[in-house]
Amino acid sequence: MITVWAVSTLTLLVLAGLLPDFQLQSADGASLTTIAFTAVWCAGAFGLLSALVWPLIVRALLLVPALVLGLLVFFLNGSLLLLALRLSTDGRAAAAPETAVVVAAVMSAVASATSTALAVRDDEAYRRRLYRLTGRTRPRIARTAGAGPVPGTVFVQLDGVGHRVLSDAVAAGRMPMVAEWLATTHTLTPWRTDWSSQTGASQLGILHGSNEDVPAFRWYEKDTGRLMVSNRPASAVELQRRAVRRTGDGGLLTLDGASRGNLFSGGADQLALVLSMAARRGRRNRSRSGYFAYFSDPANAVRTAGSLVAEVFREMTQSVRARLRRESPRVSRGGLYPFVRAFATVVERDVVVSAVMGDMLAGRTAVYADLVAYDEVAHHSGPRGRDTDQVLARLDRALALIAKVAEHAPRPYRIVLLSDHGQSPGETFESAYGLTLKDLVRAGCGLPVSRRVRRTRSGSEARDAARDALRSALHRPVDEAGEAGKEGAEAAAVAAARAPEPVVLASGNLGLVSFPGVPHRVTREEIDRLHPGLLHTLAHHPGIAFLLVASEEHGSVVLAGDGVEVPVGALDDDSAAGPLAVFGPGAAAAVRRTDGFPHVADIMVNSMYDPAAGTVHAFEEQIGSHGGLGGDQALPFLLWPRDLTPPPAGLVGAEQVHQVLRGWLRESEGPQVPLEISPSSADAEALLPVEGPATRDKNG
């Protein structure tokens, strides 16, 4: 403490000599001794205010959005310095407000660097510093009779990092920490997602053991009239509630667990930045409460705020460079996106890693954390390239820090690295064909579309097909269809004109079309009567690989170009032919499973997939996408310590991953309740981080 105080004093003296608007003496001058004592008292006062007042300021600002809080850090820290100058001198010291911001930032950084430099030479001192920074003082560990502490387990999810991306990054030397694990203690294996290859489905299955009835990232539910979106609090808490009710179990982290930066809690008692927690009422349970432990240290706050600003400028620079080089494919990266990226790659990463460090120092048995940096950048920059390479390198440094802290934890820790899905590159559907999936559906239904859409080839063909199909139905000869058939076609045309417009949603390269005016799942035959040209338009479009739709005759069918029609029951995983052959093994089983979901859309649309290039067409503005079938998006990874039981070969689906992780916790004598004595449904729901009904968002 004395050394840090002395270094802070010297820093003040140096800054006073360098900055014209910062002085430690009055206008009429002062002796060197007086200036030195002034610096000593100012440094001490600033240190005390940072330790005592700063945490109170952060706690008061928990309701402020994280991005705003990050930008306020510099100004709040400068205000503390001005207060320290006023309290510790009688007007001799003064600084302009903008200069105070700079001085405070430099002093916080120097104090943090000095403290760390002193601590790294002494394991015990370093351990004490880690406890202080993470707010942990009393380790909580479990022991077995006659043995030392049982191992804890830390699961770190690298969101969106596919198996091949990780393997290539290790081979290229961009992730030395992961490379060291692979060379010494860990094994890498891929696993295959469900059809819905996205975080909502995968993480729900991994943490809660069931992702049944999650057909996509966003979908429309006819029975409730609600639009479900996986990353909205009201939807997340409802999905978690359904999973707990279905399994009768609280989740992977039910006892002595911690959930950090996830969509769902996993039944953990310790939560930070958990989306489903945001719907819980009460001050103690606000979703932003996880920021307090991290930002209560002014050095952390200044470092993260500085990194956030640097990341914003880094994104702007990379975006301009992509435009100047005319890189293709490319999507818009303006507006608020630089700040959204900075939050994901800096603030979320720093807060989550700090929380994991605190959990290990507290001796928690099971921790699950999600780092979303790569996924966010890859959506806009592509899964491979300079931008994402830099993100992977920074994530590797975060993993190295976690591994370093594990050496100082009160119990040994097994670190398991995994991902929830990968990403597949490709030009967006709109960029390739000049219209969105929604535009194509509207044109295929004969609904009004913009002039821009009418001018595109796809839009023109869709409108012509819809018009011809309707004309054919209305003017079919009586001896071919019968008078009743003609009247039925006319009635269908009138019904189609009066029916609510279809709801068209996108989840990466997976599209969903629902008809809200029909309470049940609409069949192919009904769609042909309501919108005669729609299915033909979609199935024959070059940007679409196949459709899944119910059928009165076959139960459900897969439709594709050239008139291909295969009943879902006849789909074969091993067949080298058929509409799903290009997607490889497991595609047919994934489609069959989704077809059985109660809330599957009336029409499920999967984009084309080029196996040679590994590309798909996202129905969103993303050049790195996931959510459907095709390419690396469906092949995430699992990196596990070799002293654990190997997972079964050919791991398929997030629910199977949950069983593997639960088994590993049992091996470590973790806190998980065996399935045969799991709590009742009512007891398990009590573990959810909500009280009362879920809060509805603006979309339902």
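Ser259 is buried, with a relative accessible area of 0%; buried denotes under 20% relative accessible area, exposed over 50%, and partly exposed in between, computed with a 1.4 Å probe on protein chains only. The model is predicted, so to speak of local features a pLDDT of at least 70 is needed, side-chain atom pairs count only at pLDDT 80 or more, and totals for chains, interfaces and linings use all residues. Residues are numbered from 1 along each chain as its sequence is written, and side-chain values use heavy atoms, with hydrogens and water left out.

**Stop 1: Ser259**

Select Ser259, which is found in strand 7. Helices (H or I, at least four residues) and strands (E, at least two) are DSSP runs, numbered from the N terminus. Show the side chain of Ser259: one of its polar atoms lies 3.1 Å from the backbone oxygen of Phe264. A polar contact of this kind is a pair of N or O atoms within 3.5 Å; within protein, one must be able to donate a hydrogen and the other to accept it, and residues adjacent in sequence count only if both atoms are side-chain atoms. Next, display the surroundings of Ser259. Residues up to four places away in sequence being left aside, Ser259 touches Leu253, Phe264, Ser265, Ala268, Gln270, Leu271, Ala272, Val274 and Tyr368, where contact means heavy atoms within 4.5 Å.

Then select Asp256, in the loop between helix 10 (233-247) and strand 7 (257-260). Asp256 has a positive phi of about 55° although it is not a glycine. Is Asp256 buried or partly exposed? At 22% relative accessibility, Asp256 counts as partly exposed.

**Stop 2**

Switch to a cartoon view and colour the open sheet of 7 strands, whose order is 4-21-10-3-9-7-8, with mixed pairing. Strand 4 (186-190) and strand 8 (270-272) stand at the edges with a single partner strand each, so one side of each has no neighbour in the sheet. From one strand to the next, the twist averages 15°; axes are lines fitted to C-alpha atoms, for helices over the stretch in contact, and angles run from 0 to 180 degrees between N-to-C directions.

Strands of a sheet pair through backbone hydrogen bonds, either parallel or antiparallel. Select strand 3 (residues 152-158) and strand 10 (residues 413-418): they run parallel and are joined by 6 bridges. Two strands pair if DSSP finds at least two bridges between them. Which residue of strand 10 is the bridge partner of Gln157? The partner is Leu418.

**Stop 2: helices on the sheet**

Helix 9 is followed by Gly209, whose phi is positive, near 80°.

**Stop 4**

Move to Asp213, in the loop between helix 9 (199-208) and strand 5 (218-221). Asp213 has a positive phi of about 65° although it is not a glycine. With a relative accessible area of 6%, Asp213 is buried.

Asp213 also belongs to the lining of the largest cavity, together with Leu204, Glu212, Val214, Leu239, Arg242 and Arg246. On a 1 Å grid over the protein atoms alone, a cavity is a set of points where a 1.4 Å probe fits but cannot get out, and lining residues have an atom within 4 Å of a point. The structure holds 1 cavity of 30 Å³ or more. Helix 10 supplies the largest share of the lining, 3 residues.

**Stop 5**

Select Pro329, in the loop between helix 12 (298-324) and helix 13. A cis peptide bond joins Ser328 and Pro329, with omega about 0°.

Finally, select Thr345 in helix 13 (residues 337-361). At 2% relative accessibility, Thr345 counts as buried. Its side chain reaches the backbone oxygen of Arg341 at 2.8 Å. Not counting residues up to four places away in sequence, Thr345 touches Glu311, Ala373 and Val377.

How values were computed. 1 Å grid on protein atoms, 1.4 Å probe; cavity = no way out; pocket = protein on both sides within 12 Å on 5 of 7 lines; lining within 4 Å. Points joined across faces, edges and corners; volume = space filled by probe spheres on them.
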